[in-house]
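Visitor: I would like to learn how to read a protein model by eye. Could you walk me through this one?

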Amino acid sequence: MIILGVNFFFEHSSVAVIEDGKLVYSAEEERFSGIKGGKRYSPFSVHFPYKAMYSALNHLDLNIRDVDAIALSYEKWDHLKGLFSKRWSYYDDYYALRGLFHTKRILCSDYETLQYMSDRISSSDLKKVPLIYFDHHLSHAASAYCYSGFEESLVFVADCCGEKSCTSLYIGSSAGLKKIKSFDIPHSLGILYSVVTKHLGFDSFQDEFKVMGLASYGRDTYLDAFKNIITFNEQGDYKINPANMFNLSAYLGPARKKGEEISQRHMDIAKSLQTVLETILLNLFSHYREKTGIRNLCMAGGVALNCVANGKISDAKIFDNIFVQPAASDAGTSMGAAALAYFKLKGKMQISFDNMYLGTEYSNKNIEKLITDSKLKASFLTDEELIDEAAKRMAAGQIGGLFRGRMEAGPRALGNRSVIASPAPTDMLERINHIKGREMFRPIAPIVKEDRFDSFFTGEKNQYMLFTCTVRPEAAHLIPAVTHVDNTSRVQTVTETSNPFVYSLISKFESITGIPVIVNTSLNFRGKPIVENPTDAIGSFYSSGLDFLIIENYLLEK
Ligand SMILES: [Fe+2]
């Protein structure tokens, strides 16, 4: 049985494929369209992720005729009710209504796009595949619980909003997902974080992680001011004053203009917001852990990408196990909707899940042709030779690109579409931020061999960079590039099986430098999504300050 999960009504349009109970593919449309988020910002519009869908069928050598059902991560009738509550502008209403009533007709009538995909998707075949709709927050919840491997779990979802819910709590079991608590519009932690992000001069729905990074430099001096905007109690209940939330200047002072210098006041606002969020989450989790007796926690929704809060939740040891869906934003709802469809058709909640290397891949043959056609100079090396060469170059202070294997699903590069470097030079953070066109206050993250984690860090070991850890004081001077101002680090662990090439590369780097840690940041440059294909990787390499690029078994240098 083949289920194609699709998120397109919300942000981060994406696809996921479950084949006979196993997650076998997932990718976001942005990687193929080059537009971050997959479409221009317009919620509830119909921009189907055709390119990502085609890439999935191509990778799996399937035709749309082979797909048993398309699972969508929104519930159209609940959305319709939301429209009558006049939440959006007329413009958005129009597109939402059009999408709600004519979904299938719109999907099958983009003839211009479909003509390029006719070997795998024809309009007439697409029309025959049944569509199944699932509530947005339920899809988020399934994206975490169904891939967690837990028998029973509390499942937490928080984002800007779904059809109605902004924060939801479920209990997940083999019988399904049962909602036990909901905070509805306008009580949205995601929207609060987004409006403060905008107030601080960043892009809302994009740059929330920058505010999280900025918080490390701040103090809690705005906690009283935030009481006008959000109140909460020890049971984890919270309430937002929407009028005040959209009038932040009255409580937090004037908004920062884009490009304006960042002051201590901006950092203090960021820190106070972060503290409010963490306090609410810790209260909520402590209360429901005690009330239900459930010892596992699953998390999804954009708020679950707040790895600083996740680190605090882990450190508080409220739960025995925590699983955060790595693609916690709306992108992950395609995985959730697909899992719900599988449950509906086959009665099984848990989906087999290996790792997040779920996207496209390119063979050496593809790359050889590209290199020859482009008249580039490149060396073909064995894996061992590549590892030697890259480790030596990193130890000498060079910065490289690494493009190998299947592209990662979710927002993070995990060693297959990454920029890599040594964490030891004190100027490495500045050099990489400069090359990538990032603000200088933003930290970069490390990959560490899991078996050496404890020598360098304390905190939750995670393969997907979802928890902020603390750098051991005795190790901080060895890895200054990845030690944030507050001695934290968003660590990715790697094992011999999770990513054999990266593990061996770090081992070689360790044999030269004594440090089992390398820098890992995504292979993308200012404003662009992570590169998906070799042409983009090579183009980025030659238009950036990278010193070398590994692309499958080819080494390119300048
Ligand atoms: Fe969402």
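Guide: Gladly. One idea first, since we will need it for packing: two residues are in contact if their C-beta atoms, placed from the backbone, lie within 7 Å. Please keep in mind that this is a predicted model.

Visitor: Which elements do the buried residues of H2 pack against?

Guide: With contact in that sense, the buried residues of H2 pack against S1, S2 and S3, and also against helix H1 (30–33) and helix H5 (111–114).

Visitor: How many residues of H2 are buried?

Guide: The idea here is a neighbour count: a residue is buried if 20 or more other C-beta atoms lie within 10 Å of its own. In H2, eight of the eleven residues are buried, so this helix is largely enclosed by the rest of the structure. They are Tyr50, Lys51, Ala52, Met53, Tyr54, Ser55, Ala56 and Leu57. Just after H2, look for Asp61, which takes a positive phi of about 50°.

Visitor: How do S2 and S3 run, parallel or antiparallel?

Guide: Strand S2 (residues 14–19) and S3 run antiparallel, joined by six bridges.

Visitor: Where are the domains of the protein?

Guide: A domain can be made of separate stretches of chain, as domain 1 shows with 2–138 + 332–346. Domain 2 covers 148–324, and domain 3 covers 364–557.

Visitor: What is the order of the strands in the sheet that contains S8 and S12?

Guide: That open sheet of five strands has mixed pairing and the order S8-S7-S6-S11-S12. Its edge strands, S8 and strand S12 (321–324), each pair on one side only. The twist averages 20° from one strand to the next. This sheet lets you compare both kinds of pairing. Strand S7 (residues 165–173) and strand S8 (residues 176–184) run antiparallel with eight bridges, and a hairpin joins S7 to S8 through two residues. Within that pair, Ile171 has Lys178 in S8 as its bridge partner. By contrast, strand S6 (residues 153–158) runs parallel to strand S11 (residues 296–300), with four bridges. There Val155 stands opposite Cys298 in S11.

Visitor: How many residues of domain 2 are in contact with domain 3?

Guide: Each side of an interface can be counted separately: 14 residues of domain 2 are in contact with 17 residues of domain 3. On the side of domain 2, helix H9 (208–215) and helix H14 (307–315) are the elements that give two or more residues. H14 provides the largest share, six residues. By class, this side has seven nonpolar, five polar and two charged residues. For a sense of distance, the C-alpha centres of domain 2 and domain 3 lie 30 Å apart.

Notes: Residues numbered from 1 in each chain as written. Predicted model: local features only at pLDDT ≥ 70, side-chain atom pairs only at ≥ 80, totals over all residues. Pairing = 2+ DSSP bridges. Buried ≥ 20, exposed ≤ 12 C-beta atoms within 10 Å, placed from the backbone. Domains from an automatic or database assignment. Nonpolar A, V, L, I, M, F, W, Y, C, P; charged D, E, K, R; others polar. Axes fitted to C-alpha atoms, helices over the stretch in contact; angles between N-to-C directions.
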